[in-house]
Amino acid sequence: MTDAGIQTLLDDYFELMHTQDMSLFDKVFHKDSNLYSSENDEIVIRPRDFYREQMEARTSPQDSGNARRDEVLLVDQISPEVALVKVQLEMFGGVMQDYLSLIKIDSQWFIIAKTWARVGDAK
């Protein structure tokens with residue numbers, strides 16, 4: 001059975017990603033989290049604080065007129081404090097899939113690592 005707090009985290013994550021309501025950022029991303037991707041056969045690592053600055057500097061998908069289409073594709077909770085979630089969302093003309101590594105600290109779930117890739121074009 002999946003912890004109900006994971007769904008709360010995912011609701012906040014999808015809201016943050018679409019609206020860029022930065023009051024949700026610290027509730028979603030752990031202070032020690034990083035984001036990972038690959039560009040031109042090179043690993044790209046974005047520390048949490050750098051990613052926060054990037055989000056603050058851009059126009060949100062909502063304000064850009066993007067439709068909100070997000071879904072949870074997989075939840076794999078391997079212990080009371082550790083889970084892996086695969087999600088899909090549309091933003092900035094693309095379909096993105098994320099692997100979110102979650103950790104529960106002091107009764108709250110956080111993203112500790114995000115690995116993502118663009119997997120297609122938005123509808």
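Student: Is L84 buried or exposed, or something in between?

Tutor: Buried means under 20% relative accessible area, exposed over 50%, and partly exposed in between (1.4 Å probe, protein chains only). L84 has a relative accessible area of 30%, so L84 is partly exposed. This is a predicted model, where local features need pLDDT of at least 70 and side-chain atom pairs pLDDT 80 or more, while totals for chains, interfaces and linings use all residues. Residues are numbered from 1 along each chain as its sequence is written, and side-chain values use heavy atoms, with hydrogens and water left out.

Student: Where is L84 found?

Tutor: In strand 4. Strands (E, at least two residues) and helices (H or I, at least four) are DSSP runs, numbered from the N terminus.

Student: How do I read a cavity, and which residues line the largest one?

Tutor: On a 1 Å grid over the protein atoms alone, a cavity is a set of points where a 1.4 Å probe fits but cannot get out; lining residues have an atom within 4 Å of a point. Grid points are joined across faces, edges and corners, and a volume is the space filled by probe spheres set on the points. Here there is one cavity of 30 Å³ or more, and the largest cavity holds about 40 Å³. Its lining is F14, M17, H18, R68, R69, D70, L89 and E90.

Student: Which helix gives the most to that lining?

Tutor: Helix 1 (4-19), with three residues. Strand 4 also supplies at least two.

Terms used:
1 Å grid on protein atoms, 1.4 Å probe; cavity = no way out; pocket = protein on both sides within 12 Å on 5 of 7 lines; lining within 4 Å.
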